[in-house]
Amino acid sequence: FVQNPTSVAVSPDGNYVVVGTDNGIVGFFDKNGNLLNAQAFAGQKMRDVTFSYDGEYVAAGSMDVTNKGYTYFFTKKGVLQWTSTQTNGVCSVAVSNSGNYVVSGLNFGQVIVFDKQGNIVWACQLSAVGNVIYSVSTTFSGSYVAAGSEDDKVYYLDGSGNVLWSFSTGGDVYSVAVSWDGSYVAAGSADDKIYFFDRDGSKLWEYATGGDVNCVSVSWDGSY
């Protein structure tokens, strides 16, 4: 059933794999490749899938041909818990520990945070209408959120949706990652650079790669 996978994630313990496809399927596998469950959402393209910190829950973000967006929340074995529909496409998702908070980044310059039951906790318009939020990341507790945007910026927000700081790169920010406690943030940009910040937004270093940086990751304690 897997037609052109668009996103893949592995649980922290390596026991589960989730795959999102461009024909609207979210597939759930065990570590041996056995299909545990599959959820199909006709007319949609899955843009991102991810596990919670403890690996117990999965979030998926999608959009349909009308640009309407959807955020889905599942158990690790693919049982759908809730769905939230947005007027604009969901391009990125992140989940805190135990699934207590789910973060969605929209192609409308907006970030939305939900609680475990699917209620909106807060929403923040980060950039101009039409700018894609390519990537979102959250801490273990969900107290901080990082976002990478088409307006070339990295944003860092607190647990109430207030922007604590932003940083302008030289291109679209395709990927962000935050350490478990929010002490460090990494970002990858279309300006061919990786950036690394502390929680106050001070740039600790940057590295020129020679090409677009589409994905970054940070170790648990931010050491790597």
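**Labels and their cut-offs**

Modeller: The largest pocket holds about 1,100 Å³ of space. Of the 37 residues lining this pocket, the closest to its centre are Thr-50, Val-136, Val-176, Cys-215 and Val-216. This is a predicted model, where local features need pLDDT of at least 70, side-chain atom pairs count only at pLDDT 80 or more, and totals for chains, interfaces and linings use all residues. Residues are numbered from 1 along each chain as its sequence is written, and side-chain values use heavy atoms, with hydrogens and water left out.

Biologist: What makes a space a pocket and not a cavity?

Modeller: On a 1 Å grid over the protein atoms alone, a cavity is a set of points where a 1.4 Å probe fits but cannot get out, while a pocket is an open set with protein on both sides within 12 Å along at least five of seven lines. Lining residues have an atom within 4 Å of a point. The volume is the space filled by probe spheres set on the points, which are joined across faces, edges and corners.

Biologist: Which strands each supply at least two residues of the lining of the largest pocket?

Modeller: They are S1 (5-10), S5 (44-51), S9, S13 (133-138) and S17 (173-178). A strand here is a DSSP run of E, at least two residues, numbered from the N terminus.

Biologist: Why is Ser-84 called buried?

Modeller: Buried means under 20% relative accessible area, with a 1.4 Å probe and protein chains only. Ser-84 has 11% relative accessibility, so Ser-84 counts as buried. Ser-84 lies in strand S8 (residues 80-86).

Biologist: What makes the link between the side chains of Ser-84 and Gln-86 a polar contact?

Modeller: The term needs a pair of N or O atoms within 3.5 Å; within protein, one must be able to donate a hydrogen and the other to accept it, and residues adjacent in sequence count only if both atoms are side-chain atoms. The Ser-84 and Gln-86 side chains are joined at 2.7 Å.

Biologist: How do you know that strands S10 and S11 pair?

Modeller: Two strands pair if DSSP finds at least two bridges between them. S10 (residues 101-106) and S11 (residues 110-115) are joined by five bridges and run antiparallel. Val-102 stands opposite Phe-114 in S11.

Biologist: What is the order of the four strands in the open sheet that contains S13?

Modeller: The order is S13-S14-S15-S16, with antiparallel pairing. S13 and S16 (163-168) are the edge strands, as each pairs on one side only.

Methods. Buried means under 20% relative accessible area, exposed over 50%, partly exposed in between (1.4 Å probe, protein chains only).
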